[in-house]
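These are my notebook entries on one structure. I set down what I looked up, in the order in which I looked.

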Amino acid sequence: MPGHSTPSQTVGPFFSIGMDKLNRANIAEGSSGERMHIHGRILDGDGQPVPDAVLEIWQADAEGRYHHPEHSGTTDATPFFGFGRVPTGESGCFSFSTIKPGPVPGPDGKPNAPHLEISIFMRGLLQRLITRLYFPDEPLNAADAVLLAVPESRRATLIARKAQPQENSLEWDVCLQGKDETVFFDC
Amino acid sequence: MKPLLGYRKPAPGSQPRHLSPPYVSSIKRAPKLPLIGIPVTLSEISGPSFPKEIVSPNAFDLTRQHKAEPLGERIAVTGRVLDEDGKPIRNTLIEIWQANAAGRYLHKNDQHDAPLDPNFTGEGRTFTDEDGRYRFVTIRPGAYPWKNHFNAWRPQHIHFSLFGPAFATRLVTQMYFPGDPLLEFDPIFHSVPDEAARRRMIASFDWLSTEPDLSLGFRFDIFLRGRNATPMER
């Protein structure tokens, strides 16, 4: 029946038992492209770190192609390609490395700005949260249909910051609540 | 480029609210601002695929992962993964995890004073077949106390994690058991407002998959979001 999917429930505190096997902090391993190291923290409504969350990443390759049959021109899905899964640690920190994806064709024919699709799961979340990580100093950000759907004052929550000292190191925090609450999507 | 077809929005009340105060952990973790709707893009209608090798031959059978069998009531959980139009979701990965028969998880943060079982890890994994069918063999998990409120107990449940064909169809849910008296009091189960939707999380007892002298059978069909037939459909 349309609209009658099985309800979501929380992953709870013990998801690592069933989910750890697919952990992947090195996304797009062996693939060419600009290597990026991304780290950050997840903070709750009191600004306290969330040590029991897991993030999943989904992204295109450096040419902006998703390795999935939906993306025309891609014949085969490449197992694992573009998928990452990283839990947070004691201090709410997570990190992963990947390549910067290329611009993907957008809904209006214009290219989407390079971005990572991100799902966040944790105890206390009855449904995953969906967000995106965009890259700093990226001219395509200005015309990205999804960023433009976000009030200007909140867009910065979706754009990673350059981090010192490492080259190609980016920092991106997720605030679940508060004045810097990260933008979460309904898709 | 032809218009992209997105996935249907859930029917009102059929999914939990992010903020559900009786589930206390949601209070500081659920976003306060409304979610932002976005146009259909390739990013949400594509999704990862996984190599068959990640599922070892005994990954579907949680009773055969150690030297001896775990304690508990042996059960088979079978079902189909379908979209909302009843179309089977083929070759999709399912991950499950659960407590042992005493209601204890093999996890460092589980402080419940119930015994661990050296013959039970509580993790399983399988792919659906060409008809969207899957099968797990396990033991019935125990109920266990938690700190949400005074004398709070979680009903018996198995966690299910599914991908489906796209980023948009990703689902993590919990399978409950029919007739469990604790369901009535569980704020996680009751975070879903619609009663018919809540019932979709309860497996049914199933004679067909019950094996004589071996194990009880439970059937749990899982429905992932259906695809829009036209670009503008919400």
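**Secondary structure.** I counted 2 helices and 12 strands in chain B; helices (H or I, at least four residues) and strands (E, at least two) are DSSP runs numbered from the N terminus. The order along the sequence of chain B is β-α-β-β-β-β-β-β-β-β-α-β-β-β.

**Conventions.** I note that this is a predicted model, in which local features need pLDDT of at least 70, side-chain atom pairs count only at pLDDT 80 or more, and totals for chains, interfaces and linings use all residues. Residues are numbered from 1 along each chain as its sequence is written, while chains are lettered from A and ligands numbered from 1 in the order in which they are written.

**Overall dimensions.** The C-alpha trace of chain B spans about 60 × 45 × 30 Å along its principal axes.

**Burial and contacts.** Of the 234 residues in chain B, 44% are buried (20 or more other C-beta atoms within 10 Å of the residue's own, with C-beta atoms placed from the backbone). Among contacts in chain B with a separation of 6 or more, I found that 72% join residues 24 or more positions apart; a contact requires C-beta atoms, placed from the backbone, within 7 Å.

**Strand 2.** I then examined strand 2 of chain B (residues 74-83), where 7 of 10 residues are buried. Which strands pair with strand 2 of chain B? Pairing requires at least two DSSP bridges between two strands.

- Strand 5 (residues 133-139) of chain B is antiparallel to strand 2, over 7 bridges; B:Ile75 stands opposite B:Thr138.
- Strand 11 (residues 216-219) of chain B runs parallel to strand 2, with 4 bridges; B:Ala76 stands opposite B:Gly217.
- Strand 12 (residues 222-224) of chain B is parallel to strand 2, over 3 bridges; B:Asp83 stands opposite B:Leu224.

**Contact with chain A.** I recorded 70 residues from chain B and 62 residues from chain A in the contact. Elements that each supply at least two residues on the chain B side include helix 1 (42-45), helix 2 (195-199) and strand 12. That side has 35 nonpolar, 22 polar and 13 charged residues; Ala, Val, Leu, Ile, Met, Phe, Trp, Tyr, Cys and Pro count as nonpolar, Asp, Glu, Lys and Arg as charged, and the others, Gly among them, as polar. Strand 10 (residues 185-186) of chain A and strand 1 of chain B run parallel, joined by 2 bridges, and A:Asp186 stands opposite B:Gly37.

Conventions: Buried ≥ 20, exposed ≤ 12 C-beta atoms within 10 Å, placed from the backbone. Contact = placed C-beta atoms within 7 Å.
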